[in-house]
Amino acid sequence: MAATTLRLYLLHLFASLAVWLATYYPGLDMVLSLLYLYLLYREGQMCSLNLINRWLVGFLWQAPALVFAIFSTGLFHFGAANYGIFLLSFWATPLLPLFSLATLQYRGYPLYFPLLLLTPILLILFWVFASRGIKTKVNHSSQRM
Amino acid sequence: MIFPLVTVLLAGALFLHNRVVFANPDAAMYLYVKNARQGRLGYGFDDYYGNGISFADLEPGDIILGGYPGCAYGRFSHAGIYVGDGRVVEGYADLGVNTQPVEHYREYQEVCLLRVQAPAAVKARAVEYVQSQQGGLFYPVAFKNGQRFWNCTKIMWKAYMESGVDLSIREDFWVTPDEFYNSPWVSIIREQRV
């Protein structure tokens with residue numbers, strides 16, 4: 001489980017760096033963002049952990065982002081909490097090229113803001129459901145046999 | 001292993017394309033690191049400082065700078081562009097590119113109003129441009145390139161740049177609010193420090 005969590009952290013860290021650097025070459029960032037989702041899906045497909053452990057890995061992996069998201073709600077006002085939204089932006093870098101397409105506004109807030117707040121949840125769900133894919137497939141195969 | 005490799009390749013390409021920036025000791029990244037070492041982090045110590053500057057004679061296209069003490073990237077922490085009717089378009093992390101009342105600049109310890117020395121048509125196009133980008137995504141380290149990621153200075157720099165007015169005074173990845181203050185394209189309307 002620790003190895004899986006570490007793999008996800010490393011994937012996320014390097015994807016963040018690569019996507020950020022790729023924003024210098026507009027368009028490439030979008031390609032890398034989709035590549036990140038594909039590799040994350042592949043990681044999920046290769047995972048053999050049970051459902052509870054998959055959720056646990058997901059929450060461990062996104063724990064920093066969950067803290068940043070809570071700070072970004074504006075409920076807390078102290079040093080690091082004021083920078084929650086910035087930290088969350090950095091954390092969400094691999095998805096930002098996709099979020100950047102959501103420029104609609106509602107009551108003064110851009111659509112990307114709730115997406116940003118939900119980033120850790122979206123990524124956990126994506127990871128868990130990508131992981132479930134292989135489980136379902138194996139079950140189906142075994143039923144046929 | 002794909003992303004570590006892509007990161008190294010992109011960092012190398014960025015370095016090769018921007019040797020001038022890396023060689024410039026006044027580049028924003030070096031300024032940020034230098035200030036961070038002295039304990040200045042982020043946009044500084046935000047609070048309501050209640051400056052009493054007058055916004056009376058602002059014209060659409062004017063630039064407003066606000067500064068908190070302890071800012072890591074210079075004297076000024078934030079910038080906005082006046083679009084008329086007491087409103088300013090600016091970029092925030094949670095609001096993206098959006099419109100706010102100009103009065104909120106009273107919260108800054110330092111405030112400065114700048115007039116861009118450009119024809120009225122250029123200013124009108126700049127105002128139109130920033131308004132068309134509302135809802136755009138704010139990213140603190142958005143490079144000058146591209147039109148999907150913004151920070152508070154890039155939006156107005158780009159707006160004027162579209163008409164050939166470069167408010168940035170150096171080759172850099174980013175534009176700091178202080179660059180507008182020092183730009184030969186602007187004159188100071190007035191400034192105040194609490």
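Chain B and chain A touch in this predicted model, with 38 residues of chain B in contact with 40 residues of chain A. In chain B, the most area is lost to chain A by B:Phe3, B:Tyr139 and B:Arg148, which together give 22% of what that side buries. The area buried between the two chains is about 3,300 Å². Carbon and sulfur atoms give 71% of that area.

The rule finds 1 salt bridge across it. Its partners are the side chains of A:Asp29 and B:Arg148, at 2.8 Å from N to O.

Which elements of chain B each supply at least two residues of the side that touches chain A? They are helix H1 (2-17), strand S4 (96-101) and strand S6 (137-138). H1(B) gives the largest share, 10 residues. By residue class, the side of chain B that touches chain A divides into 23 nonpolar, 12 polar and 3 charged.

Turn to chain A itself. It holds 7 helices and 2 strands. Along the sequence the pattern runs α-α-α-α-α-α-β-β-α. Chain A has 145 residues, and 43% of them are buried. Take the contacts in chain A with a separation of 6 or more: residues 24 or more positions apart account for 74% of them. The accessible surface of chain A is about 7,600 Å². Carbon and sulfur atoms hold 73% of that surface.

Definitions and conventions:
Residues are numbered from 1 along each chain as its sequence is written. Chains are lettered from A and ligands numbered from 1 in the order in which they are written. This is a predicted model: local features need pLDDT of at least 70, side-chain atom pairs count only at pLDDT 80 or more; totals for chains, interfaces and linings use all residues. Side-chain values use heavy atoms; hydrogens and water are left out. Helices (H or I, at least four residues) and strands (E, at least two) are DSSP runs, numbered from the N terminus. Buried means under 20% relative accessible area, exposed over 50%, partly exposed in between (1.4 Å probe, protein chains only). Contact means heavy atoms within 4.5 Å. Accessible areas come from the Shrake-Rupley method with a 1.4 Å probe; for residues, only the protein chains shown count as cover. Buried area is the accessible area (1.4 Å probe) that two parts lose on being put together, summed over both. A salt bridge is a side-chain nitrogen of Lys or Arg within 4 Å of a carboxyl oxygen of Asp or Glu. Ala, Val, Leu, Ile, Met, Phe, Trp, Tyr, Cys and Pro count as nonpolar, Asp, Glu, Lys and Arg as charged, and the others, Gly among them, as polar.
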